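Here is a short report on a predicted complex. It takes confidence first, then the chains, their contact and a few single residues.

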Amino acid sequence: MSVHLILFLAFGAVAVAGAINLLAQTHPINSALSLIAVMAALAGEYLLLGAEFLAAVQVIVYAGAVMVLFVFVIMLLNAGVEEHTQGSRIAITLGVPGALIGSLLIAWVVLRHSGTEAVAAGALAGAPKTIAPLLFHEFLLPFEITSILILIAIMGAVVLASKPPTSPAAPTLREVD
Amino acid sequence: MPIWIYILSSVIKSALVLFILLTAVAYTVWLERKVVGHMQNRWGPTRVGPFGLLQPAADGVKFLFKEDLTPPHVYKPLFLAAPLIAVIFALTSIAVIPFGNAVKLFGYTFPLQITTDVNTGLLLILGVTSIGVYGVALAGWSSNNKYSLLGGLRASAQMVSYEISLGLSLVGVLIMSGSFSLREIVDAQGGHFWGFIPHWYVFPQFIGFFCYLMAAYAETNRIPFDLPEAETELVAGYHTEYSAMKFAMFFMAEYANMITVACLATLMFFGGWHGPIFGPVILQALLPVFWFAAKVFVFLFVYIWVRGTLPRFRYDQLMAFGWKFLLPLALVNLIATAIAVAW
């Protein structure tokens, strides 16, 4: 058993355990922290495959920025403990078989369309210098369309968050602080 | 090189760097008390040892022997984890920082860096420091105290806001050097303009450097941006409920972050270990490390100088400065650099 395989299994175990813990915890902040563990473990898997840039970006964007905002919102709202319910009947009767069928389908597709050999550690050329030409030449249009999509989402968030103008006599909360 | 030499050298380097870093943290605290003292016409620490030089050791012993209080109303798991998170990630980020050229010993070359040169070194530092926010945020939340919570909220909002300017201010240097590797960035800064001005990126990238310095002060929660622990409003901010060594861990994390930020500024803008090299062979080997340390020291001194000079901002001023001035300025600098390099 090579070191890479051991590390791969270790990171995988952390990711799965984090994901299960995310569902099992009753307090939102514990769930959010479990999600951070999942993100960090995924970054470790990317690093093992040789995708250094992707691993670093995964940590910076997901663990460092997106999840900080999650935790920030939970702190700000002071969200309380959630109650566990038994779940709806549809979720159990349709969801569990659906998830099973989905994972079987993915496994089948992956096994059929890839060679019999596993991906070797460090096989992906993940250096920034090999990713940049792909992003800025070959896939420039999808990349730019994605950024426009994000821009539209930001503008939508600003519109939704801004309060309708009130009469000038009554100062809003924002003006006070 | 055989694997056992590699592992042994990594362990020795890690232990050495950790020792130097923790000593530097302790003596930065001493330096701060001393320099701010003199700026305010006081002496600073004088009692313990000559010039108060043993004060950090006395403080360390005091922190270790103080009673470690855990208030009854805190959320315990995160209350204990928060100082650990803060100090672990503050100390980890030093791992990819190179301190000098490679050294030849016993026929092997050892890079003066804990890890070998990773080609995304800068991104790793930014990633690790961005995780450090959780220490502060969770400390504020888990203390279950309104001052702590406000301090934690302020800290996380401030750090997320200024991280964008911090990252953008460094992109100009990345465009000019064409690499994420810290070693390659430093190597690109060798030589001189017109034979006498050092080829440092601070000259073409002075706007980027200004943005970096401002954002770095805010990221490390230092005056004039130390709103998260503003004593006049928040008692002590996110570490109000912490005592003894747990409090000292936040303190250590803050100063270790200052040192990392100073190292990064040296590497990105001030040519790293480049400087005049002269004298016998042993001196030639030591001088690059000396220049690196000297530049880092200058940055730490400026940090303290600013602390002794400037008052604290108001929180809305801090946010307006970050989003309405610093971020556009960093963006303009980025676009101008890109146009200049492409042209």
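## Confidence

Chain A has a mean pLDDT of 80, and 81% of its residues reach 70 or more. For the complex, the predictor gives an ipTM of 0.77 and a pTM of 0.82.

This is a predicted model, in which local features need pLDDT of at least 70, side-chain atom pairs count only at pLDDT 80 or more, and totals for chains, interfaces and linings use all residues. Residues are numbered from 1 along each chain as its sequence is written, while chains are lettered from A and ligands numbered from 1 in the order in which they are written.

## Chain A: elements and domains

Chain A has seven helices and zero strands. Helices (H or I, at least four residues) and strands (E, at least two) are DSSP runs, numbered from the N terminus. The order from the N terminus is α-α-α-α-α-α-α. Of the 177 residues in chain A, 17% are buried. Here a residue is buried if 20 or more other C-beta atoms lie within 10 Å of its own, exposed if 12 or fewer, and partly exposed in between; C-beta atoms are placed from the backbone.

Two domains are assigned in chain A: domain 1 (1-80) and domain 2 (127-163). Their bounds come from an automatic or database domain assignment. The centres of domain 1 and domain 2 of chain A, taken over C-alpha atoms, are 23 Å apart. Among contacts in chain A with a separation of 6 or more, 63% join residues 24 or more positions apart. Two residues are in contact if their C-beta atoms, placed from the backbone, lie within 7 Å.

## Helices α6 and α7 of chain A

Which elements of chain A have the lowest and the highest mean pLDDT? The lowest is helix α7 (residues 173-176) of chain A, at 52. The highest is helix α6 (residues 140-161) of chain A, at 90. Where pLDDT is low, the predicted coordinates should not be read in detail.

The 22 residues of α6(A) should span 32 Å at 1.5 Å a residue. The expected span is 1.5 Å times one less than the number of residues. The end C-alpha atoms of α6(A) are 32 Å apart, which agrees. The number of buried residues in α6(A) is zero, so α6(A) lies largely in the open.

## Contact between the chains

The contact takes 20 residues from chain B and 17 residues from chain A. On the side of chain B that touches chain A, α4 (121-131), α5 (133-142) and α6 (146-177) of chain B each supply at least two residues. By class, that side of chain B has 14 nonpolar, six polar and no charged residues. Ala, Val, Leu, Ile, Met, Phe, Trp, Tyr, Cys and Pro count as nonpolar, Asp, Glu, Lys and Arg as charged, and the others, Gly among them, as polar.

Most residues other than glycine have a negative phi. B:Phe51 has a positive phi, near 55°. B:Phe51 is found in the loop between α1 (3-39) and α2 (55-65) of chain B. With 13 C-beta neighbours inside 10 Å, B:Phe51 counts as partly exposed. B:Ala244 also has a positive phi, near 55°. B:Ala244 lies in helix α10 (residues 244-269) of chain B. With 15 C-beta neighbours inside 10 Å, B:Ala244 is partly exposed.

B:Gln317 sits in helix α12 (residues 315-342) of chain B. Because B:Gln317 has 13 C-beta neighbours inside 10 Å, B:Gln317 counts as partly exposed. B:Gln317 and B:Phe193 are 124 residues apart along the chain, and their C-alpha atoms are separated by 39 Å.

Conventions:
pLDDT = per-residue confidence, 0-100.
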